[in-house]
Amino acid sequence: MIIQFVLNEKPCQVDISPNTRLLDLLREHLHLTGAKEGCGIGECGACTVIMDGNAVNSCLVRATQIQGKKIITIEGLRQNGEYDRLQEKFVEHGAVQCGFCTPGMILSAKALLMHTPHPTLEEIHRAMEGNLCRCTGYNKILAAVQDAAGHGEGET
Amino acid sequence: MKQSSCIGGEYPVHDAWQKVTGQQVYTGDMQRPHMLYAKILFSDVAHADIATIDTSQAEQLEGVAGVFTHHNTPDTLFNNYISYVGQSAPEDERLFADRVRFVGDRVAVVVAKTPEIARQALRLIDVTYTPLPCLPTMEQAMADKAVSIHPEGNLLSQAELAVGDCDSAIKERANILETTSYIPRIHHGAMEPHVCLAEYHPSEGLCIWTPCQGAFGVRNMVARYLKMPYCDVRVIKTVTGGSFGGKQQSMLEPIAAFLAKAVKGSVMLQYDREASMLSTAVGTAFQFHVRSALSAEGRLDALDIEALADAGAYATNSVALPFSAGKKAMRLYRIPNLRYRSKSIYTNAPAGGGLRGWGGPQVITAMEIHMDQVAKRNNMCPVRLRMEHLVTPGEVEHYSKISLGNARIRECLTEGVELFKWYRRWERPADTGRFRRGVGLACGGHMNGYFNGVHDVSNMHLKVNEDGTLILNTAIHDQGCGTLISLALIVAEVLEVPVPSVRVLEADTHTSPYDMGTYSSRVTYVCGRCAYEAAHRVRDLLLEQAAVLLQKPKAYVYIQEGAVFVKGSSDIRMSYGEIAALAQTKLGQETAVLHGYSNSSNPGSYGCHFAEAEVDVYTGLVRITDYLAVHDVGRVLNRTMVEGQIQGAVQMGIGYTLTEEVALDHNAVPNARNFDKYTVINLPDMPQVRTKLLEYGGDDGPFGAKSIGEAALVPVMGAVVNAVNHALGTELSVLPLTPKKIVQALWKGKLP
């Protein structure tokens with residue numbers, strides 16, 4: 001079936017089986033491989049993308065569910081050659097090791113900061129609790145998110 | 001001379017920008033022309049003969065390129081742990097089983113045009129089993145003489161390492177203390193599940209792209225298995241989404257290689273989480289029985305460790321690993337009579353394999369739980385008891401008879417006690433309410449390479465480009481630990497050039513000089529030293545070539561800030577690029593060296609960890625509320641990554657202690673197959689890990705640096721268990737300390 005949606009701020013139309021997972025649509029059909037499959041059951045967050053402002057596990061979203069929706073992937077976070085503040089802070093704080101969880105981590109944080117520019121620690125915890133990392137122990141990830149938030153994410 | 005040093009600075013991993021933008025290409029992101037997809041059918045019973053297997057329907061499905069089972073694959077037995085030439089280990093595994101030995105054993109594979117077709121074809125394969133009695137535990141496997149998982153019986157191997165005479169020492173003492181502990185079977189949990197891409201061309205041979213830890217080992221293993229010339233098998237290490245030892249063995253490579261050769265094309269073999277968790281290898285479960293004899297003066301005369309290691313269904317590394325654990329047990333405390341005995345037992349469980357620390361985390365956890373119990377039952381201070389026995393700098397370890405190097409575990413303990421305000425927290429009265437806090441500490445250590453065991457060799461080619469930038473060609477494997485940036489820092493420091501001007505290449509068996517692989521905490525210490533020496537040789541070569549080009553004696557030229565100058569002639573300056581370009585045109589030379597380094601020492605990397613646990617006695621839930629890790633790292637190369645390694649190890653260790661286990665039911669069916677039931681610590685449950693890094697240097701590593709990634713896991717479990725026991729007054733020692741076990745222990749103790 002034909003599905004129309006907005007992908008990284010550009011209109012997008014695909015002809016695809018309605019049961020296709022959003023993750024497979026992105027990775028296999030649109031060749032956007034930033035979203036990763038770590039578990040396939042919505043437990044690890046490596047496939048996180050932003051759908052209409054909310055972080056979702058793209059392994060649990062079917063293609064039909066994105067009709068008319070706005071999807072942001074890690075590839076769309078960099079605007080006009082400018083890195084997103086979260087991307088800069090993840091690099092600066094050494095919050096990236098193997099990097100497999102990184103796109104999902106950044107997008108969960110991004111969705112949080114889009115609607116809560118100055119989150120409390122507890123709000124960060126809630127936003128990031130579904131993203132697993134095995135390398136960093138999260139300390140530097142938390143520091144990166146706090147730093148990005150502290151500098152007024154969303155403001156110019 | 002030099003303005004600033006890059007050693008000890010803060011650097012992100014070399015590919016951090018590609019990773020934060022989603023541009024980095026992992027193996028599963030790769031595409032090849034006409035690439036096919038392989039999906040495997042895994043056994044859902046633990047022990048059975050395959051009576052019949054019908055693949056005819058699957059074969060007829062459109063888009064299926066091949067279906068393979070034990071009927072049309074070699075019956076050659078192999079061991080996926082074997083890597084270097086001449087290495088021996090029991091070969092007891094087939095590519096596809098005719099008898100399955102655990103839930104997750106490989107039964108059949110479909111190669112198809114799309115992953116969907118491959119999955120669909122798997123559902124059309126009809127298998128019938130003749131069940132065999134199932135042995136899920138080591139106790140059952142040892143007791144049941146009638147059922148053998150492999151023809152040689154269920155006892156895979158035994159090891160004994162001893163100094164002094166434990167039996168006599170224990171007989172002479174009245175004060176004998178015994179503890180038992182269980183360290184569970186865990187999943188490595190690298191966020192990237194196992195994956196391998198293999199491609200075969202009749203004229204080119206095989207090319208294998210894999211996020212492995214030892215490309216030459218994979219090549220040796222695959223070429224030997226497929227009986228192909230080494231020059232026809234090329235292994236290229238790809239970006240790795242974490243390993244922790246889980247990708248150390250050739251888990252998928254022989255399968256993908258066989259399939260690519262069979263269908264004469266490209267085959268992507270990608271495991272999902274369940275397959276990664278059950279069908280590759282798990283961290284080996286150990287049962288320990290520890291006895292010690294204490295003198296009236298409070299000194300341990302003897303420590304006797306008996307270990308049972310659960311090999312699981314196939315041998316893989318389970319002969320070597322329990323022995324290696326014993327060697328690690330010899331390196332922490334100086335006790336005159338110290339013995340370690342182990343048995344490796346086959347069971348119908350997922351195979352044990354290499355995991356961060358290679359037996360060290362298991363045996364040291366048992367020792368550190370024991371030390372706390374000795375202290376408690378004899379009303380001694382746990383710091384004092386350890387301090388009486390910890391090894392000292394320069395000490396020769398009595399079993400292996402090699403130096404432990406500048407071992408600074410005592411300083412770790414002393415500094416940590418101070419920083420953590422240990423005594424104030426340890427001596428405070430026990431809590432009595434719902435939430436009870438306690439503190440625990442544990443010591444631990446790990447190796448720096450293979451010396452005194454396996455050959456420990458690295459070779460690197462370092463060349464200066466015509467613009468002065470450098471390429472270090474190595475066969476190393478960055479697992480996401482910042483290995484490449486570490487080597488770049490070392491070369492940049494020696495040659496006084498900016499770090500970004502050094503590019504470090506990873507393993508490609510067709511083009512890289514030989515290196516053993518990323519094992520045994522050898523990368524910083526051994527490979528780093530190789531890079532350091534190679535850089536010094538290039539420095540010398542630059543001076544030599546510049547002297548010839550400038551027609552000056554070599555003694556008259558010197559290097560400052562990445563260029564060559566002539567003493568007394570401040571107007572003459574030759575950049576590295578000019579030297580390299582002129583060396584080619586005027587001297588007919590390349591400004592490059594091929595350097596080999598063979599390691600001849602193995603100091604210890606030590607650490608002491610301090611945890612504060614808060615236990616909810618109503619629910620049995622534990623929260624780690626404070627954490628300090630003090631480490632003897634020799635010298636910090638990249639502070640960011642050293643801290644990251646420690647913090648990541650603490651995350652893994654807290655899970656290891658409290659939540660993580662691949663447990664089996666009485667039919668050897670695993671309880672957890674994915675992250676829904678296999679709980680790893682997430683961000684809100686993770687404490688802030690304070691780190692203190694001690695830099696005494698003094699050993700052979702580059703600028704004095706030693707290993708950290710494996711060493712950092714070793715003390716975690718002991719510190720957390722000891723903190724929980726301190727909070728509750730319990731003697732819990734069967735990991736993981738689940739809420740159920742904690743509540744049961746409290747009720748047994750008749751606490752409210």
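Where is the place of Asn8(A)?

Tutor: Residues are numbered from 1 along each chain as its sequence is written, while chains are lettered from A and ligands numbered from 1 in the order of writing. The model is predicted: local features need pLDDT of at least 70, side-chain atom pairs count only at pLDDT 80 or more, and totals for chains, interfaces and linings use all residues.

Asn8(A) lies in the loop between β1 (2-7) and β2 (10-15) of chain A. Here helices (H or I, at least four residues) and strands (E, at least two) are DSSP runs, numbered from the N terminus. The phi of Asn8(A) is near 50°, a positive value in a residue other than glycine. Glu9(A) is found in the loop between β1 and β2 of chain A, and it has a positive phi of about 70° although it is not a glycine. Asn8(A) counts as partly exposed because it has 18 C-beta neighbours inside 10 Å, whereas Glu9(A), with 10 such neighbours, counts as exposed. The cut-offs are 20 or more other C-beta atoms within 10 Å for buried, 12 or fewer for exposed, and partly exposed in between, with C-beta atoms placed from the backbone.

In total, 44 residues of chain B are in contact with 40 residues of chain A, contact being defined as C-beta atoms, placed from the backbone, within 7 Å. On the side of chain B that touches chain A, the elements giving two or more residues are α1 (16-20) and α17 (639-658) of chain B. The most is given by α17(B), with 8 residues. By class, this side of chain B divides into 20 nonpolar, 17 polar and 7 charged residues; Ala, Val, Leu, Ile, Met, Phe, Trp, Tyr, Cys and Pro count as nonpolar, Asp, Glu, Lys and Arg as charged, and the others, Gly among them, as polar.

Strands are said to pair if DSSP finds at least two bridges between them. β1(B) pairs with strand β12 (residues 266-270) of chain B in the parallel sense over 3 bridges, where Leu36(B) has Val267(B) as its bridge partner. With strand β5 (residues 106-112) of chain B, β1(B) pairs in the antiparallel sense over 6 bridges, and Phe42(B) stands opposite Arg106(B) there.

Elsewhere in chain B, 4 strands form an open sheet of mixed pairing, in the order β18-β26-β27-β28. Its edge strands, each pairing on one side only, are β18 (435-446) and β28 (689-694) of chain B. Within this sheet, β26 (residues 605-616) and β27 (residues 622-632) of chain B pair in the antiparallel sense over 10 bridges. The bridge partner of Glu614(B) in β27(B) is Arg623(B).

A backbone feature of another kind occurs in a further loop of chain B. Leu735(B) and Pro736(B) are joined by a cis peptide bond, with omega about -5°. Pro736(B) is found in the loop between α18 (716-728) and α19 (739-748) of chain B.

Definitions and conventions:
Contact = placed C-beta atoms within 7 Å.
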